[in-house]
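Hi everyone, thanks for making time this morning.

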Amino acid sequence: MNLEQYLPVILFILVGAAVGVIPQVLGALVGPHRPDAAKNSPYECGFEAFEDARMKFDVRYYLVAILFILFDLEIAFLFPWAITLKEIGPAGFWAMMVFLAILVVGFAYEWKKGALDWE
């Protein structure tokens, strides 16, 4: 093995580490050190925290989030299909129609069960 082949990788790692470490070291050495109560207080979006950070969320929030990710990822399959539609022919078209039919049935089922309702 020739070590010259690893030189770009080693340089990339060293430059990346330097970019991450040098500004922090310079900030600690040169930056002002004037802590006060306002800077050290915890906050959310600029406001004082008024509840415990470990409060419970309704399970419907997670359900809607998971369903959004699920349907969003399935819709992402439409882009490569649309680009290659001429090459895949009628078999690819009908395969995607079956896929979309299953997707619509799943969406209708979730809608009927009320999984998408937010009260």
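I'll begin with the overall picture, then go on to the record and the last helix.

A quick word on the ground rules. This is a predicted model, where local features need pLDDT of at least 70, side-chain atom pairs count only at pLDDT 80 or more, and totals for chains, interfaces and linings use all residues. Residues are numbered from 1 along each chain as its sequence is written, and side-chain values use heavy atoms, with hydrogens and water left out.

So, the overall picture. The protein has five helices and two strands, in the order α-α-β-β-α-α-α from the N terminus. Helices here are DSSP runs of H or I with at least four residues, strands are runs of E with at least two, and both are numbered from the N terminus. Of the 119 residues, 8% count as buried; buried means under 20% relative accessible area, exposed over 50%, and partly exposed in between, with a 1.4 Å probe and protein chains only. The protein exposes about 10,800 Å², and carbon and sulfur atoms supply 73% of that, by the Shrake-Rupley method with a 1.4 Å probe.

Now the record. An unreviewed UniProt entry lists residues 6-30, 61-82 and 88-109 under "transmembrane region"; such annotations may be inferred rather than shown by experiment. In the model, residues 61-82 are 95% helix, with end C-alpha atoms 32 Å apart. Residues 88-109 are 100% helix, and their end C-alpha atoms lie 30 Å apart.

That brings me to H5, residues 85-113. How far does H5 span between its end C-alpha atoms? The value is only 34 Å, whereas a straight helix of 29 residues would span 42 Å, taking 1.5 Å times one less than the number of residues. H5 also bends by about 75° at Ala91, the bend being the angle between axes fitted to the seven residues ending there and the seven starting there.

Which residues of H5 are buried? They are Gly92, Met96, Leu103 and Glu110. Their cover includes helix H3 (59-76) and helix H4 (78-83). Leu85, by contrast, counts as partly exposed because its relative accessibility is 32%. Leu85 and Met96 are 11 residues apart in sequence, and their C-alpha atoms are 10.0 Å apart in space.

Terms used:
Contact means heavy atoms within 4.5 Å.
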